[in-house]
Amino acid sequence: MISIIISSGSPGFLKRAKLNIQETIGIPFELLVYPNFRGSRGLCEVYNQGAREAKFDILCYMHEDLDIQTPNWGQVVLDIFNSHQNLGVLGVAGSSYKSFAPSAWAAVTPNRELMYCNYIQQFRDQSQQPVRYYQNRGDNHTAEVVSVDGMWFCTPKHTALAHPFDERTFGGFHCYDQDYCLSLFGKYQLLVTFDVLIAHASEGNYGRDWIENTLKLHRKWAHKLPFHVERVSDKTSQQVEKTAYKFFIERLATSGYPQISAERLLTEQRASGKLSIFLYLKLRYYVNKFFGKIPREDSRYQLINSLTLAANGFGALPKGKRK
């Protein structure tokens, strides 16, 4: 039996979610819905209340814009928890590495070998076709990760009560999931399941709220980051960190932050001793590029842009060049 906890901001999405759960879960459940139409309560606060008020041993935190497509998924969840006695979190998307660089849950490398997921991403723009994201090395039912995406994840009630969401630090709708996972990492097992398929109706929002909360998250855990489940080579680690830094710096630029905010971030990260001087100097170049100080006609821009696209799977490496 499962207690499902939803912070609701849309009556339409909620109505569809209720019907979908009833038709697919396949086991007894309770649904705890907390109206939050104006977004006045952060998810940490709502989820802590849900954990206190839930009557079943397994909690499922989910967004209301999901369509769960696996029949009897409730029994799938219970079976996984029953077979993993120290399981703290079960999700459908996660990574086995969490970067020191400010980032979302995904640890991006050219081959995506550190990411594990099984979900369908839909888009607000109806002209865009849904995309199935499936990353599973081998024919596994689960994969061990450091953190999961918060669109849908399950956790034991006693674990949620012993390690409550940090509502003092995270008052909005970002980073509650990563922070909860990091608070459990090393004490409990965290898994992604490939046996539950979910369609997510909306994309992530990487604006100012995400930026500010991501900085809070990484400053909170800076003394322990990076985290990883499996052994990671120095090359792979550097790929993840560089990609994460670049994405974050670009988000700072496109969200209207002044260039000095990116420069201060790199100075702070360099002072920690975890950002190499080589990568620091490369990133200073990207700061100038993203904030418009280097023209796109510059040959250095064209080369680095080609390398970046290739590293993220959007093209081939230029001839005679190696990353």
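**Loop residues, helix packing and cysteines in the predicted model**

Asn72 is placed in the loop between strand 4 (66-68) and helix 3 (73-83). The model is a predicted one. Although Asn72 is not a glycine, its phi is positive, at about 55 degrees. With a relative accessibility of 46%, Asn72 counts as partly exposed. A positive phi of about 55 degrees is also found at Arg112, again a residue that is not a glycine. Arg112 belongs to the loop between strand 7 (97-98) and strand 8 (115-121), and its relative accessibility of 24% makes it partly exposed.

Two further loop positions were examined. Pro226 is located in the loop between helix 6 and strand 15 (227-228), and the peptide bond that joins Leu225 to Pro226 is cis, with omega about 0 degrees. Ala201 occupies the loop between strand 14 (198-200) and helix 6. Along the chain Ala201 and Asp65 are 136 residues apart, yet their C-alpha atoms are separated by 5.4 Å. When residues up to four places away in sequence are not counted, Ala201 touches Asp65 together with Phe13, Gln122, Phe123 and Arg124.

Helix 2 (residues 43-53) is largely enclosed by the rest of the structure, because eight of its 11 residues are buried. These buried residues are Leu43, Cys44, Val46, Tyr47, Asn48, Gln49, Gly50 and Ala51. The cover over them includes strand 1 (2-8), strand 2 (29-35) and strand 3 (58-62), as well as helix 4 (157-162) and helix 5.

Helix 5 (residues 176-184) also packs against helix 6 (residues 208-221): the two axes come within 10 Å and cross at roughly 15 degrees. Angles under 35 degrees count as roughly parallel, and helix 5 and helix 6 are therefore roughly parallel to each other. Their crossing is right-handed. Helix 5 contributes Gln178, Asp179, Leu182 and Ser183 to the contact, and helix 6 contributes Leu217, Lys220 and Trp221. By class, the residues of this contact are three nonpolar, two polar and two charged.

On the helix 7 side the contact is made by Tyr245, Phe248, Ile249 and Leu252, and on the helix 8 side by Ser261, Ala262, Leu265, Leu266 and Gln269. Seven residues of the contact between helix 7 and helix 8 are nonpolar and two are polar, with no charged residues.

The cysteines were examined for disulfides, for which two sulfur atoms must lie within 2.5 Å. The count comes to zero disulfides. For Cys117, the closest cysteine sulfur is that of Cys181, at 15 Å, which is too far for a bond. Cys117 is buried, because its relative accessibility is 3%. Cys175 is likewise in no disulfide, the nearest cysteine sulfur being that of Cys44 at 9.3 Å. With a relative accessible area of 5%, Cys175 is buried. Cys44 itself is among the buried residues of helix 2.

Technical notes
Residues numbered from 1 in each chain as written. Predicted model: local features only at pLDDT ≥ 70, side-chain atom pairs only at ≥ 80, totals over all residues. Heavy atoms only, no water. Axes fitted to C-alpha atoms, helices over the stretch in contact; angles between N-to-C directions. Helix = DSSP H or I, 4+ residues; strand = E, 2+ residues; numbered from the N terminus. Parallel < 35°, antiparallel > 145°, perpendicular 65-115°, else oblique. Left-handed = near helix turned anticlockwise from the far one by under 90°. Contact = heavy atoms within 4.5 Å. Nonpolar A, V, L, I, M, F, W, Y, C, P; charged D, E, K, R; others polar. Buried < 20%, exposed > 50% of the residue type's maximum accessible area, 1.4 Å probe, protein only.
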